[in-house]
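Here is a quick tour for someone meeting this structure for the first time. Have a look at the chain below, and then we'll walk through it piece by piece.

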Amino acid sequence: MPNDAETQRLLDKVFPVFKNELKAEPITAEELEQLHQRLKTNELLSEVYGSFFAKIENILQHVVVPQFWSRFRSKLPQEPSRDSFIQYQHAVKELYDRFAFFRRQLKRLETVCPAKDVPFVYRKLPNEVVVFCSHFHTTLHAQLPDDFNELVYRFYFVAFRVFIYSHSDGEEYMDVAESNRCIACDMTAGDCQCQAIADAFTSTNRYLSMMGILEEIAGYTLNLLIQERIDAKVDETKENYATSHVESLEQWLNTVVMEWLTRIYNKGSLQIHPHHTALQRHIAQMQSKLLFYMYDKYANTIVDQFFQIIINFPMSQSAVDDLKLCLSKINLKRCFVTTVRDMLRERLLHPGVDTPDILTGYVAALKTLAHFDSSTVLLRSITRPIKEYLRNRTETVRCVVTSFTGDGTSDLAEELAKGEMEPVSKTSSSDKLDDPDWKNWQPDPVNMAPAALKFIASNKRADIISMVVDIYGSKEIFVNEYRNLLAERLLSQAECSVEREVKHLELLKSRFGESLLHSCDVMLKDITESKRINAHILSPDSGTAEELSGQVSALIVSSQFWPTFRKETMELPTSIKEMFEKYTKAYESYKVNRTLQWTPLNGKVTIELEHNGKVQEMQVTPAQAAIAIHFSEQPQWELDCLSQKMNMPPIVLRKRIVFWQSQGLIRETKENLFVLIDKSTESDVSADAMQAQPNDVCEEEEAESAMESASDQREEELQVFWSYIEAMLTNLDSLPLDRIHQMLKMFASQVDFTQDELKHILQRKVREHKLVYAGGVYQLPKS
């Protein structure tokens, strides 16, 4: 350092940092030139040059940077406030003043110690300003406190709130109660500080940008704050499925958020100079990242609510369209499939949910996902567990058929009424050179199954009915169940609407084909023909009208076209039997070479009961009517005796008697002894019980079907194969399941069946000890 006092005085005046002072006095060009000459003469330029940077580094490390970060360690209030804003503003302003002071010192250094006069070995490369800024940034990062982001967050939170309120419609704050205080700055209306906060916000960001530390200090916090605002904005869309929100979210992000960020990085201006390409790229990258985050957040929000969206479809179609758009921009399809599949499994696939409800959810999922994914690839993957679960529920077929033939209130009935989906066009859109939407053409996915590609190429929409029928992979089981359901309705309803059933039948023909439903045509014709025959037999011209006197109306069915009736019998009372015989003779005289075979347990009987002076008309089953007739002839019956009289098993008979017990007409006085209640003391009780029932129909508590179920009929068909299986195992000793199935398909192909159905039969034979299963093969037990 210089020895003479004048040189030292000038050095301290030009560079107060040597005295650890951070405030400079005005200096003239002559004084700078004079100091340069003195240092050059004394060959002190290199020493002063090096000492200057050492002193600056020392002051930065021990004074400037510690003081700056100390502003961030003071205790902050619970909520972001204007005080937090001012605290951060003052800290940045103080740091910028120190930074500007050092830059001015560097300018003086350029005059006093020009680079050309400093030996190359001592020179700061590439230049003094770059070296200073690098050390400035390094020192700031080296002393970075752990919790500095808290104050930065509060500053930008207040600034963003003021910006939203000042530059938008303020919808985010419209739920705040009206008062005399400004919503944005929380000051009284007369002392609103919004403009002052906006100005301070602009200047603070300008200071950070000029120091080159805007991204380092505020980048993480800005990203966090904006993501929180995106989260809050997206959360506002929850449970609002009927409206599309993608466009409004994009507009909000591209205008409000990006305008705010542009003002931050562009020193308060919205217009970026064309030459600032680096800033333009930075803003564009931030916009792309935030849009990606918004799509991801919104897509996950929709996925989390997707079960409700499925249930509310098509009202929620806008949400499905939004999700489809979001998933085209982010890679979330695998997560979507897994999440929705688990959601449906948790909500639907457990014993507490009734089969009709599961079926309703399944159909709703098919409709929703078919709209979401026209290729049905995601649809089949998501709904596969529901399909497998429904296949294992015994009542699924009945529920599906009942939904088909509903009054248009079920989704399946509506789908059936729409008719079969036809291709949009015979020529694939990908082959059309004049397709108006050619700009949006997309190639087929490389990882898609050939069946799905063929489906897309056909330009068909997903067929809900076909997918429901595909639960079992066969139309026959649904057709057989429909035959049973139709037979039950025709037998149970006194006045059946043939026109309504014909309408349903025609719709089903369009799906399942006429050949499979030919029997149903015959069944409906039997109803019409029976009405005509009844009218003829009971007409005065027939000659039997006086004998029958309108007491019998028969439903005459073609046995080979109707489902199999339950194999139950009952001996009719003599009076009823005689009436049936008269009707049979009348029919034989009308239809030569034909006769009737009665099924006594089917149909309805209208009876008139007189009990303790009160008369009531009731409609009951034939078995219930027969019991009433027997008790009118004999007031007391033992269960076994009445069972023999009616040719009905005692267990079944007891179940039939329960109906009359519930009416208060029969009582079990001791075990298996039933008596007719006719005492005057008990007449009031019985009368009240009878009045409690409607006059038109009194059913058993558990209505029984007159027909065998489709599963029972299928079981009987498959039992035909048992003799073949026994012969195979006798000759070949033991066979695996697939081998037995192949041989049966080859030699006994009259009935089509699946390997699962065969396995069910074989396992039942194992339980009955007619087969032995070991080592994956079946064999006959050794005698």
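Which residues does valine 557 touch, leaving aside those up to four places away in sequence? They are Asp526, Trp562 and Phe565. Keep in mind that you're looking at a predicted model. Valine 557 sits in the loop between helix H23 (545–548) and helix H24 (574–590). With a relative accessible area of 26%, valine 557 is partly exposed. Its C-alpha atom is 7.7 Å from that of isoleucine 527, a residue 30 positions away along the chain.

## The chain as a whole

Let's step back for a moment. The chain holds 783 residues, and 43% of them count as buried. It has 32 helices and eight strands. Among contacts with a separation of 6 or more, 70% are between residues 24 or more positions apart.

In soluble globular proteins, nonpolar side chains tend to be buried together. Here, the largest nonpolar core has 160 residues, and Tyr156, Trp260, Leu261 and Phe336 have the most contacts inside it. Helix H4 (residues 82–112) gives the most to this core, contributing 13 residues. Another core lies apart from it, with 26 residues, including Ala623, Leu642, Met648 and Leu665.

Alanine 623, from the 26-residue core, is part of helix H25 (residues 622–633). Is alanine 623 buried or exposed? It's buried, with a relative accessible area of 3%. Setting aside residues up to four places away in sequence, alanine 623 touches Met570, Leu601, Met646, Met648 and Arg656. The C-alpha atoms of alanine 623 and lysine 604 are 9.5 Å apart, and the two residues are separated by 19 positions along the chain.

## A helix with two sides

Now for helix H17 (residues 411–418), where Leu412, Ala413, Glu415 and Leu416 are buried. Why do these residues lie on the same side of H17? Because they cover an arc of only 160° around the axis. Over on the other side of H17, Ala417 and Lys418 are exposed. And what covers the buried residues of H17? The cover includes helix H14 (355–372), helix H16 (396–404), helix H19 (464–469) and helix H21 (498–512).

## Two helices side by side

Two packed helices are described by the angle between their axes and the distance between the axes. Take helix H20 (residues 476–492) and helix H22 (residues 518–537): their axes come within 10 Å and cross at roughly 5°. Angles under 35 degrees count as roughly parallel, and H20 and H22 are therefore roughly parallel to each other. Where they meet, H20 brings Tyr482, Arg483, Leu486, Ala487 and Leu490, while H22 brings Ser519, Cys520, Met523, Leu524 and Ile527.

## Backbone details in the loops

A few spots in the backbone deserve a look too.

| Residue | Backbone detail | Value |
|---|---|---|
| Proline 126 | cis peptide bond from leucine 125 | omega near 5° |
| Proline 314 | cis peptide bond from phenylalanine 313 | omega near 10° |
| Asparagine 647 | positive phi, not a glycine | phi of about 55° |
| Histidine 769 | positive phi, not a glycine | phi of about 65° |

Where do you find them along the chain? Proline 126 is in the loop between H4 and helix H5 (128–142), and proline 314 is in the loop between helix H11 (306–311) and helix H12 (317–327). Asparagine 647 belongs to the loop between helix H26 (639–646) and helix H27 (650–662), and asparagine 647 is partly exposed, with a relative accessible area of 43%. As for histidine 769, look in the loop between helix H32 (755–767) and strand S7 (772–774). Histidine 769 counts as exposed, at 66% relative accessibility.

Definitions and conventions:
Residues numbered from 1 in each chain as written. Predicted model: local features only at pLDDT ≥ 70, side-chain atom pairs only at ≥ 80, totals over all residues. Heavy atoms only, no water. Buried < 20%, exposed > 50% of the residue type's maximum accessible area, 1.4 Å probe, protein only. Helix = DSSP H or I, 4+ residues; strand = E, 2+ residues; numbered from the N terminus. Arc of directions from axis to C-beta. Contact = heavy atoms within 4.5 Å. Core = buried A, V, L, I, M, F, W, Y, C linked by side-chain atoms within 4.5 Å. Axes fitted to C-alpha atoms, helices over the stretch in contact; angles between N-to-C directions. Parallel < 35°, antiparallel > 145°, perpendicular 65-115°, else oblique.
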